[in-house]
Amino acid sequence: MIARLRAQLLVPAGAIVLALIVGAVIIIVTSPLAVQKLDLSLPLATYWALVQGSLGSIDGIVDTLRAASPLILVGLAVALPFKAGLFNIGGQGQFLIGAVTAAWVGAALSGASPFVALPVAVLAGMLAGAAYGFIPGWLKAYTGAHEVVTTIMLNYIAMQIVSYLIQGPLKAPGATFARSADVGNSALPVIFQQTAGHPAHLGIIFPYIAAVLVWWLLYRTTIGFEIRTAGANPDAARYAGMRPRFLIVLTMVIAGLLVGLAGAGEILGVQGYMVAGYSTNVGFDAITVALLGRTHPFGVVLAGLLLGAMRAGAPLMQISAGIPVQMVDVLQGVILFFLTADIVVRWVFRIRAAGSGGPEKLATVSASSGGSTAK
Amino acid sequence: MNLLDIPVLGLALQLLGYLVTVCTQNGTIILALTAPLAFGALCGVMCERSGVVNIGIEGTMLAAAFVGWFVASIASQAMPADPSPFFGATPGLVIGLLAAIVCGMLVSAILAWLAVTLRADQIIAGTIINIVAAGITGYFDVLFSTNPIPTAGKFEAFVPPSFLTDLPVVGWLFSALLNQGPITMSLIVVVIVMEVLLFRSRWGLRTRAVGEHPKAAETVGISVIRLRYQNVILGGVFAGLAGAWFTIDFGNSFVGGMTGGRGFIALAALIFGRWRPVGAFLASLLFATSIALGTAIRTTPPTGQLGTILGAIPEQFFAALPYIVTIVVLAGVVGRSVAPAADGQPYERESVS
């Protein structure tokens, strides 16, 4: 057990270390631009600021938890379909649709009792996300349209839908810029007041409940067994009488549900309203989270917390070390690179190729992307 | 009786008339907007025809756009020169263009290494390209906004002789085709050459064989791995040109995330164009027209009944149209678009001796 866990953690840890080294090289090379002189110690200052900003204070820890919430939820929504052999790159679209719906319902119920307004608004966001996840799932199951391409397309369609809704029907009357009305009583209650910045809202506990539920679904239920079988060996699943089409749609709907919850949480807990140009990278960040977490629900929680900490520490990094917050995007991309090119990690750290405890086989995911693979 | 007053038919005629007006008046800009989409789609055609899915087109274009702009700026500071009459080219711009192409090739080589040699999941490999390219260029964009470097300018559009553009009926066509920068102008030639090469040459036959049935190709002595590398890197040349279009042909500066999803529209165009260079070009043209039409309806709306109807359609609908069309095509509603059989599947040689 311990040995297997160790083997599972070695490569992700190695990928993070290598990414930090690559990041350090980039920071040194660009230090003349960032701090106007070549500074060999800048990487240390940068990473120290990152740690300080995320874990060095109560506020930092709250920021970390808040930033990690959507990352974990959407990470689960990438990891779960992954188990079924599906690649959900549509987190961004499902998030936006969930968020705009929560903003809409939340604003409409802003005067109602919080005990009605809040659950209804959260549920509306989840259901909208689920509906948006249903589309690529149904298309994949019944027409063979590959989910990777359709989810990317749906991301861009979602941006246009949000832009239309917020500039049109949902625009708050009297607002100076295009935004929806305040969610009022639908807002997620504050559970911890910070000295500065956004307080911690109730929604930051959602991801952990969701992770346990996803783990239970995957490893303790028949449906979960069917999902994992369909992902590992679709032919065997079919011969065993499982329903691949149903499983595809179900998995994508659950993924959409999780992402919709993340979207609702951001609007009802942090923003309080939605703007027309609301932009988010959460869909792509979540891919790193899911793969860094080895697509296991609890791994996703750890990875989400790590990347959440990087996001939370980034502002302090920019202020005290002079390195733009975009460094976090670079690190994230490089981590993902080394996770995929794990041969480099294994070579550098002399990690033997593991047998059973080895990396997830990812081969089933992208077979014949783009084309119709109907029946 | 006025033909345009007949209920449905009249409206259709009005729409046709409006479309013709918009396309003829905006021909130049439509073709220019087609260039990055079509070159991006060509990159995809080269990769996918040999069996490598490339969803990293967006990132490759973004990286090339940045490198082209940056190198052009540095080179033109080192070698200041007046714009030559030939497309307003300067040594700096030409070096920038070459750098963008080399950058496209290098990024594609990384994709090929991940996808072909490591046999990693190709979707993840492409996603890595997108994330890393967006991250690094965004990082540099912030650094250079606080430490500005002078722009190298851009290639100028060719000015066709007025006796051609003033011709009645077809004058706009000459203007659209010839009043373009070098990258856009080379597009049609490249598309035709690639279509011919892909379907009429030995290399094209081999490429398609490797994309459809790599094992069979290997048995007749074609090196699947080498051909996939070659094609993906060739695709990188086109993605590099598409990137350079943003920063030294159409515009003259770099902005973080400036490709704005065009790499994904290119992916859509590639599928809609059924994995053929000419098809991909026509699909790109259609998508560019749809984008231009969305703008035209706001700036010069049609009159009468048609104006009321088109005015009621939100502009966002036109922006989303390429993506909607792609889903509809993929779902098989309007004809079927079938990918090369081995597209996306890593190839493993049977024996390593």
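Where in chain B is the place of B:Phe87? The points below begin with that residue.

1. B:Phe87 sits in the loop between α3 (57–78) and α4 of chain B. The model is a predicted one, and in it phi of B:Phe87 is near 60 degrees, a positive value in a residue other than glycine. B:Phe87 counts as buried because it has 20 C-beta neighbours inside 10 Å, and 20 is the number at which a residue is classed as buried.

2. The mean pLDDT of chain A is 88, with 94% of its residues at 70 or more. Over residues 355–375 of chain A, however, the pLDDT is below 50, although this stretch has 64 contacts in the model beyond near neighbours in sequence. Where pLDDT is low, the predicted coordinates should not be read in detail. For chain B the mean pLDDT is 88, and 96% of its residues reach 70 or more. For the complex, the predictor gives an ipTM of 0.87 and a pTM of 0.89.

3. The interface joins 44 residues of chain A to 47 residues of chain B through contacts. On the side of chain A that touches chain B, at least two residues each come from α1 (2–35), α5 (114–143), α6 (147–167), α11 (282–292) and α13 (327–340) of chain A. The helix that gives the most to this side is α6(A), with 10 residues. By class, the side of chain A that touches chain B has 27 nonpolar, 16 polar and 1 charged residues.

4. Because 11 of its 11 residues are buried, α11(A) is largely enclosed by the rest of the structure. The buried residues of α11(A) include A:Asp285 and A:Thr288, as well as A:Val282, A:Phe284 and A:Leu292. Just after α11(A), A:Arg294 takes a positive phi of about 55 degrees.

5. A:Arg294 can also be placed relative to A:Ser320. The two are 26 residues apart along the chain, and their C-alpha atoms are separated by 33 Å. A:Ser320 lies in helix α12 (residues 297–321) of chain A. Since A:Ser320 has 15 C-beta neighbours inside 10 Å, it counts as partly exposed.

6. In chain B, helix α4 (residues 91–117) has 27 residues. From its first C-alpha to its last, α4(B) reaches 37 Å, close to the 39 Å expected at 1.5 Å a residue. Just after α4(B), B:Arg119 takes a positive phi of about 50 degrees.

7. A positive phi, near 55 degrees, is also found at B:Arg274, a residue other than glycine. B:Arg274 is in the loop between α12 (262–272) and α13 (277–299) of chain B. With 18 C-beta neighbours inside 10 Å, B:Arg274 counts as partly exposed, because the buried class requires 20 or more.

8. How do α2(B) and α7(B) pack, and at what angle? Helix α2 (residues 27–49) of chain B packs against α7(B) at an angle of about 35 degrees, and their axes are 8 Å apart. The crossing of these two helices is right-handed. On the α2(B) side the contact is made by B:Gly27, B:Thr28 and B:Leu31, and on the α7(B) side by B:Trp172, B:Leu173, B:Ser175, B:Ala176 and B:Leu177. By class, this contact has 5 nonpolar, 3 polar and no charged residues.

9. Two further residues of chain B have contacts in this region of the sequence. B:Asn179 is in the loop between α7 (171–178) and α8 (182–200) of chain B, and B:Asn179 is buried because 21 other C-beta atoms lie within 10 Å. Leaving aside neighbours within four places in sequence, B:Asn179 is in contact with B:Thr28, B:Ala157, B:Phe158, B:Val159 and B:Pro160. The C-alpha atoms of B:Asn179 and B:Pro161, 18 residues apart along the chain, are separated by 9.7 Å.

10. B:Thr165, in helix α6 (residues 162–165) of chain B, counts as partly exposed, with 18 C-beta neighbours inside 10 Å. Beyond neighbours within four places in sequence, B:Thr165 is in contact with B:Pro160, B:Gly171, B:Phe174 and B:Ser175. B:Thr165 and B:Leu178 are 13 residues apart in sequence and 9.2 Å apart in space, C-alpha to C-alpha.

Technical notes
Residues numbered from 1 in each chain as written. Chains lettered and ligands numbered in written order. Predicted model: local features only at pLDDT ≥ 70, side-chain atom pairs only at ≥ 80, totals over all residues. pLDDT = per-residue confidence, 0-100. Contact = placed C-beta atoms within 7 Å. Helix = DSSP H or I, 4+ residues; strand = E, 2+ residues; numbered from the N terminus. Nonpolar A, V, L, I, M, F, W, Y, C, P; charged D, E, K, R; others polar. Expected span 1.5 Å × (residues − 1). Buried ≥ 20, exposed ≤ 12 C-beta atoms within 10 Å, placed from the backbone. Axes fitted to C-alpha atoms, helices over the stretch in contact; angles between N-to-C directions. Left-handed = near helix turned anticlockwise from the far one by under 90°.
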